[in-house]
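Please open the model in your viewer and keep the sequence beside it. The tour below moves from one selection to the next and says what can be found at each stop.

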Amino acid sequence: MKNFWKMYKIEQKIFFRSPDVILFCLLMPVVVFVLITMISGNKTAADTGLTYLQSAFVSLSTVGICCSAFMSIPITMVELRDQGILRRMYCSPCSPARLLACDTFASGGIAVASTIILTIVAVIFGYRMSGNVLIYLVMWLLTMLSMFSVGLMVAGLCRTTKSMNIATSLLYFPMLLFSGATIPAEVFPLGVRAVIKWMPLGIGIDVLKKVSVGNYSGIILPVITLLVIAVVCTGIAIKTFRWE
């Protein structure tokens, strides 16, 4: 356990020193939230019953998750493999499980920091959650677990930096732009909104929006779906992990 925490601290420091993390994970959600709130914060978002302020907070609280899942976990793992660092670690007591866990925990720290900063700004702008905060946190963690498992799977399947960049781009940008994370899902046509509900992050955001207002009907199937994604993708990540 002592060795685990030492490795985790190093990983966390490296992540927070990255300009991309500061810009996309920590600053971007706050800037987008302020813009949406100033433009149409008190207006009702389509037929959801939520205001754009409420909808934007929930959606943007997952941006840190999305960025960490596709821009931190796979990039770090594949670059270490590409540079031969993982190969040198093969002869050390460090196990694949410990390495994957440290990388995941460090990425989780970024996502948590992003959401805390956004929450502080949202409260300043008058946001108050009407649903159960504890249940919301559990659903948020489940969404993070599901998304991180996809990132770990990409890290396991991709052998080179080039293939990783292609895979993460194909997952990250559509998920960030069209799952409702940055652009409110309510502004999209009904056909696009139907597709959003099939995206892993879109499923999580939909559950979080319901829970945030105390609506727990129809969340069982999405929750099971997120759990299945987490279990399957984590299994693939462990199975396909290679040191070189």
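**First stop: a serine and its partners**

Select S149 and I229: the backbone oxygen of I229 lies 3.4 Å from a polar atom of the side chain of S149, a polar contact, which is a pair of N or O atoms within 3.5 Å where, within protein, one must be able to donate a hydrogen and the other to accept it, and where residues adjacent in sequence count only if both atoms are side-chain atoms. This is a predicted model, in which local features need pLDDT of at least 70 and side-chain atom pairs count only at pLDDT 80 or more, while totals for chains, interfaces and linings use all residues. Residues are numbered from 1 along each chain as its sequence is written, and side-chain values use heavy atoms, with hydrogens and water left out.

S149 itself lies in helix 7 (residues 133-157), helices being DSSP runs of H or I with at least four residues, numbered from the N terminus. Not counting residues up to four places away in sequence, S149 touches I229, A230, C233 and T234, where contact means heavy atoms within 4.5 Å.

**Second stop: helix 10**

Next select S212, which lies in helix 10 (residues 200-212) and, at 2% relative accessibility, counts as buried. Leaving aside neighbours within four places in sequence, the contacts of S212 include L50, Y127 and Y136. D206 also lies in helix 10, but at 24% relative accessibility D206 counts as partly exposed. Show S59 as well: D206 and S59 are 147 residues apart in sequence, yet 8.7 Å apart in space, C-alpha to C-alpha.

Finally, select helix 4 (residues 63-82) and helix 8 (residues 161-178), which pack at an angle of about 180° with their axes 10 Å apart. That angle makes helix 4 roughly antiparallel to helix 8, a term for angles over 145 degrees. Among the residues making the contact are F70 and M71 of helix 4 and L171 and Y172 of helix 8.

**Before you leave**

Colour the chain by pLDDT, the predictor's confidence in each residue from 0 to 100: the chain mean is 81, and 86% of its residues reach 70 or more.

Conventions: Axes are lines fitted to C-alpha atoms, for helices over the stretch in contact, and angles run from 0 to 180 degrees between N-to-C directions. Helices (H or I, at least four residues) and strands (E, at least two) are DSSP runs, numbered from the N terminus. Angles under 35 degrees count as roughly parallel, over 145 as roughly antiparallel, 65 to 115 as roughly perpendicular and the rest as oblique. Buried means under 20% relative accessible area, exposed over 50%, partly exposed in between (1.4 Å probe, protein chains only).
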